[in-house]
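Please examine the sequence and the three-dimensional structure shown below. The explanation after them moves from the whole chain to selected details.

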Amino acid sequence: MQRPTILVTGANGQLGFELARLLAPHGDVVATDRGRLDLAEADAIVAAVRGVKPDLIVTAGAYTAVDPAEKEPAVAHAINGRAPGILAEEAKRIGAVLIHYSTDYVFDGTRATPYPEDAPTAPQNVYGASKLAGERAIAAVGGYAIVFRTSWVYGLRGKNFLLNIRRLAAERDELRIVADQIGVPNWCRVLAEATVRVVRSGLPALAERAGLYHLSATGQASWCDFARAIVGDAKTPRIVPITTAEYPLPARRPAYGVLATERFEATFGFALPDWRDALARCVASPIEPDVVG
Ligand SMILES: NC(=O)c1ccc[n+]([C@@H]2O[C@H](COP(=O)([O-])OP(=O)(O)OC[C@H]3O[C@@H](n4cnc5c(N)ncnc54)[C@H](OP(=O)(O)O)[C@@H]3O)[C@@H](O)[C@H]2O)c1
């Protein structure tokens, strides 16, 4: 097959940055950030896809600010709910494959065992509701779309829990961290590597596997476990477990968001590593220079 043209959105984000970099050897990547393609602008999305004529669209752009989303639901819905549907529509029009990412925050977090793809959704906050709207918009179009739900994304760039804990650890002797929310930390590079691996199986094979998959590292953690793993053996700061009630935030978080990944593993033939192994690899890796901007 000819070298595919790959349109990546949100290429300055944690995941988008890794995708743009790691997909480059496998196609002609058109990496767009907010400046080149504003996902809040429906017409701009249509024009971008019609201009680029991609074989594959990978949508890493999203409104990910969970607490601010409570105050601007219309913006969150435009970017997370409406834009994915337009991208899916445009992809379908030209027979392109779409790879999109969603979140464990589509669930209410009341389970105590991992959520399968077909578990009932019940988002607890505006961000989760907007991402669910995006999933539904893609499903309604019904083209060659793959949606990967994942959770707790971090990396060495951007805004994330790992960098917050590192910064706070340098400033304080004690960190009080929520211990009653359980999920799975996912290094953005591992998610991008998994995406590249499925893309390398070929676009026709991907088109046949269109659907919704949970893509996540194995194991589980509380935010407190995650913080302890980040701080490692250091004597300070001391990590003190607290409850969600002791750390009120504008947006409600699900108490449990572990995703069952068997469907992904059975379909694509591999599993992601344990989150602790990925974290160890992440903290030992150099920060890559910018490719966009
Ligand atoms: N972060 C998590 O913990 C998490 C958990 C589960 C699922 N996910 C999903 O995983 C995907 C990747 O997330 P991430 O962690 O890589 O997010 P991220 O680091 O916040 O990156 C998102 C990117 O989207 C861009 N963006 C925001 N509004 C835009 C707009 N109107 N037009 C174009 N680009 C826009 C942002 O640009 P600016 O920098 O200019 O705002 C940013 O570069 C998303 O679909 C997210 O919902 C994330």
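The structure is a predicted model. The protein chain contains 10 helices and 12 strands. Along its principal axes, the C-alpha trace spans about 55 × 40 × 35 Å. For 293 residues, a compact globule would have a radius of gyration near 19 Å, and the protein chain agrees with this because its own value is 19 Å.

Of the 293 residues, 51% count as buried. The accessible surface of the protein chain comes to about 13,100 Å², and carbon and sulfur atoms account for 51% of that surface. Among the contacts in the protein chain with a separation of 6 or more, 80% are made by residues 24 or more positions apart.

Two packed helices are described by the angle between their axes and the distance between the axes. The crossing in which α8 passes α10 is right-handed. Which residues meet where α8 and α10 are in contact? From α8 come D225, F226, A229 and I230, and from α10 come W275, R276 and L279. The residues of this contact comprise 5 nonpolar and 2 charged ones, with no polar residue.

Attention now turns to a loop. R36 lies in the loop between strand β2 (28-31) and helix α2 (42-52). Is R36 buried or exposed? R36 counts as exposed because its relative accessibility is 59%, and the cut-off for this class is over 50%. When neighbours within four places in sequence are left aside, R36 is in contact with V30 and A31. R36 and G10 are 26 residues apart in sequence, and their C-alpha atoms are 9.6 Å apart in space.

A40 is also found in the loop between β2 and α2. A40 has a relative accessible area of 25%, and it is therefore partly exposed. Its contacts, leaving aside neighbours within four places in sequence, are with I79 and R82. Between A40 and G143 there is a separation of 103 residues in sequence, and the distance in space is 22 Å from C-alpha to C-alpha.

Methods
Residues numbered from 1 in each chain as written. Predicted model: local features only at pLDDT ≥ 70, side-chain atom pairs only at ≥ 80, totals over all residues. Heavy atoms only, no water. Left-handed = near helix turned anticlockwise from the far one by under 90°. Helix = DSSP H or I, 4+ residues; strand = E, 2+ residues; numbered from the N terminus. Contact = heavy atoms within 4.5 Å. Nonpolar A, V, L, I, M, F, W, Y, C, P; charged D, E, K, R; others polar. Rg over C-alpha atoms; globule rule 2.2 N^0.38 Å. Buried < 20%, exposed > 50% of the residue type's maximum accessible area, 1.4 Å probe, protein only. Areas by Shrake-Rupley, 256 points an atom, 1.4 Å probe, with all protein chains shown as cover.
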